Amino acid sequence: MKSFRKIITLNIPARMEFVNITRQVADAVRESGVQEGLVLVNPMHITASVFINDDESGLHQDYKDWLEKLAPFDPSPTRYRHNRTGEDNGDAHHKRQIMGREVVVAITEGKLDFGTWEQIFYGEFDGKRSKRVLVKIIGE
Ligand code: ZN
């Protein structure tokens, strides 16, 4: 069995943003040489997500509005106990929890085996600093 590991580094200038990373993941699959297997993609941070959905800007704005309603940005120590530690990102931990940690995609004949509209996104909820995304591929 082959195994391949790659780190994608992102530095998102906004506090919250979604970035399509499908091409970087497909590049890693090509580099790995794996024809039949699985790829795992996850952020190496607890205030970011990796998820699969449609690359449609209206949907992404809907997500942002929805997440902001569920877990509004509020650096004060009153709304989020987490911010009593001196941090200001209590909201970002909640947003990441809703949007999920990782995705696993099948690799078939050397390609990502997606449904019709599926794309892989990095979801940033506490941006303006460098973040890493792990791509781990196993298979034959
Ligand atoms: Zn925190």
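The model is predicted, so local features need pLDDT of at least 70 and side-chain atom pairs count only at pLDDT 80 or more, while totals for chains, interfaces and linings use all residues. Residues are numbered from 1 along each chain as its sequence is written, and side-chain values use heavy atoms, leaving out hydrogens and water.

**Zinc site**
- H82 (NE2), E87 (OE), N89 (OD1) and H93 (NE2) are the protein donors of the zinc ion, 2.1 to 2.3 Å from it (donors are N, O and S atoms within 2.8 Å of the metal, or 3.2 Å for Na, K and Ca).
- Along the chain, these donors follow the spacing H-x4-E-x1-N-x3-H.

- An open sheet is formed by 3 strands in the order β2-β7-β4, with antiparallel pairing (two strands pair if DSSP finds at least two bridges between them).
- β2 (17-20) and β4 (48-53) are at the edges with a single partner strand each, so one side of each has no neighbour in the sheet.
- β4 pairs with strand β7 (residues 119-124) in the antiparallel sense over 6 bridges, and V50 has Y122 in β7 as its bridge partner.

Note on methods:
Helix = DSSP H or I, 4+ residues; strand = E, 2+ residues; numbered from the N terminus.
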